[in-house]
Amino acid sequence: LCVVINAEYMGNLGNSPALERIINMGRKFVNEKQNQAALRKAKRSNPAFLRYQADMHKRVKPSWRKPHGIDSCFRRRFRGMPAMVRVGYRNPKATRHVHPDGRLHFVVSTPKDLDMLLMVNRKYGATIAHSVGARKRQAIVEKARKLRLRVTNASARLRKEETE
């Protein structure tokens, strides 16, 4: 789908919201590759949010916990303290959950699950669930190849048979 609108024609119609939606839709489809590149650039990496003093004591695991102590300099955000989880670190909605390949990943456990991705194969990529065995994994990869869907972990757990 590609929408081409003449500048003179646009001037005659004025600034109708419906026309702007059509124009934006056309731009969206025409510049899909550029959009994916822009999304990847817009997505930024956040600091590693580690639990306070996890580097000092073995008993304190590094998984994030919010500090609650009344005198905690970390909770009070003193200068020189590591970064604390805050809403400001959130990525833009357009790039949230988007992987570096520019797609959202959809977990698939049967070949039938691939049918859901037929209409949105440019936005989503299939990821085979970790609990799927080799035989069903091979069937999923074959069906994805026929339907022209991208599978992110297609080669996982598949060995070439030895010929004797």
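Guide: Helices (H or I, at least four residues) and strands (E, at least two) are DSSP runs, numbered from the N terminus. By that scheme, Asn91 lies in the loop between helix H3 (32-42) and E1. This is a predicted model, in which local features need pLDDT of at least 70 and side-chain atom pairs count only at pLDDT 80 or more, while totals for chains, interfaces and linings use all residues. Residues are numbered from 1 along each chain as its sequence is written, and side-chain values use heavy atoms, with hydrogens and water left out.

Visitor: What is the mean pLDDT of the protein chain?

Guide: pLDDT is the predictor's confidence in each residue, from 0 to 100. The protein chain has a mean of 81, with 72% of its residues at 70 or more. Residues 1-10 have pLDDT below 50.

Visitor: Is Asn91 buried or exposed?

Guide: Buried means under 20% relative accessible area, exposed over 50%, and partly exposed in between (1.4 Å probe, protein chains only). Asn91 has 12% relative accessibility and therefore counts as buried.

Visitor: Which residues does Asn91 touch?

Guide: Contact means heavy atoms within 4.5 Å. Not counting residues up to four places away in sequence, Asn91 touches Lys43, Arg44 and Arg96.

Visitor: How many residues make up the largest nonpolar core?

Guide: A nonpolar core is a set of buried Ala, Val, Leu, Ile, Met, Phe, Trp, Tyr and Cys residues joined through side-chain atoms within 4.5 Å. The largest one here has 12 residues, including Val108, Ile128, Ile140 and Val151. Strand E2 (124-128) and helix H4 (134-147) each supply at least two of its residues, and the largest share, three residues, comes from H4. Leaving aside neighbours within four places in sequence, Ile128 is in contact with Val108, Arg137, Ile140, Val141, Val151 and Asn153.

Visitor: Which residues of H4 are buried?

Guide: An α-helix has 3.6 residues a turn, so residues three or four places apart point the same way. In H4 the buried residues are Arg137, Ile140, Val141 and Ala144. They cover an arc of only 95 degrees around the axis, which puts them on the same side of H4; the arc is that of the directions from the helix axis to the C-beta atoms. These buried residues pack against strand E1 (104-108) and E2. The face turned away from the buried side carries exposed Arg135 and Lys146.
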